[in-house]
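Please open the model in your viewer and keep the sequence beside it. The tour below moves from stop to stop, saying what to select and what is there.

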Amino acid sequence: ITLEKLNLSRNGLRDEQLQPLTSLKQLRYIDLSRNDIGSLPIFLTALDSLKILNVSKNKIRLLPSKLFE
């Protein structure tokens, strides 16, 4: 079984709590909306299968430029 969709919305997550997501290489969709995320970590670019990332309703002030490559 492969985890492709993960909904972590409304969990009060902060930037440093996102690190465990790096091991979920097959994720295609992650919903991180309505948390306390201030910046997106660069490791998200290593999730090659990721197609949709919902980070709406957070406190994001910084986006790594590598996310747009």
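A salt bridge is a side-chain nitrogen of Lys or Arg within 4 Å of a carboxyl oxygen of Asp or Glu, and by this rule the count comes to 1 salt bridge. Before selecting anything, note that this is a predicted model, in which local features need pLDDT of at least 70 and side-chain atom pairs count only at pLDDT 80 or more, while totals for chains, interfaces and linings use all residues. Residues are numbered from 1 along each chain as its sequence is written, and side-chain values use heavy atoms, with hydrogens and water left out.

**Lys59 and Asp36**

Strands here are DSSP runs of E with at least two residues, numbered from the N terminus. Lys59 is exposed, with a relative accessible area of 53%, whereas Asp36 is partly exposed at 27%; buried means under 20% relative accessible area, exposed over 50% and partly exposed in between, with a 1.4 Å probe and protein chains only.

**Ile37**

Move along to Ile37, which is found in the loop between strand 2 and strand 3 and is buried, its relative accessible area being 0%. If you leave out residues up to four places away in sequence, Ile37 touches Leu13, Asp15, Leu18, Leu32, Asn58, Lys59 and Ile60, where contact means heavy atoms within 4.5 Å.

Leu13 counts as buried at 14% relative accessibility, and beyond its neighbours up to four places away it touches Leu8, Leu18, Leu32, Asn35, Asp36 and Ile37. The C-alpha atoms of Leu13 and Leu53, by contrast, are separated by 15 Å, and these two residues are 40 residues apart along the chain.

Which residues have the most contacts inside the largest nonpolar core? Select Leu18, Leu21, Ile30 and Leu32, which have the most contacts inside this core of 14 residues. A nonpolar core is a set of buried Ala, Val, Leu, Ile, Met, Phe, Trp, Tyr and Cys residues joined through side-chain atoms within 4.5 Å. In soluble globular proteins, nonpolar side chains tend to be buried together. Leaving aside neighbours within four places in sequence, Leu21 is in contact with Leu6, Leu8, Ile30, Leu32, Phe43 and Leu47.

Ser33 sits in the loop between strand 2 (29-31) and strand 3 (52-54), and at 8% relative accessibility it counts as buried. Show its side chain together with that of Asp31, since the two make a polar contact at 2.6 Å; such a contact is a pair of N or O atoms within 3.5 Å, where within protein one must be able to donate a hydrogen and the other to accept it, and residues adjacent in sequence count only if both atoms are side-chain atoms. Not counting residues up to four places away, Ser33 touches Ser9, Arg10, Asn54, Val55, Ser56 and Asn58.

Ser49 lies in the loop between strand 2 and strand 3 and is buried at 18%, touching Lys25, Gln26, Leu27 and Arg28 when residues up to four places away are not counted.

Most residues other than glycine have a negative phi, and most peptide bonds are trans. Arg10, in the loop between strand 1 and strand 2, has a positive phi of about 55° although it is not a glycine, and Arg10 counts as exposed at 61%. Lys57, in the segment after strand 3, has a positive phi near 60° and is exposed at 58%.

**Lys5 and Tyr29**

Finish at Lys5 in strand 1 (residues 5-7), exposed with a relative accessible area of 60%. The charged end of Lys5 sits over the ring of Tyr29, 5.1 Å from its centre, by a rule that asks for NZ of Lys or CZ of Arg within 6 Å of the ring centre and within 35 degrees of the ring normal. Leaving aside neighbours within four places in sequence, Lys5 is in contact with Leu27 and Tyr29.

Note on methods:
Helix = DSSP H or I, 4+ residues; strand = E, 2+ residues; numbered from the N terminus.
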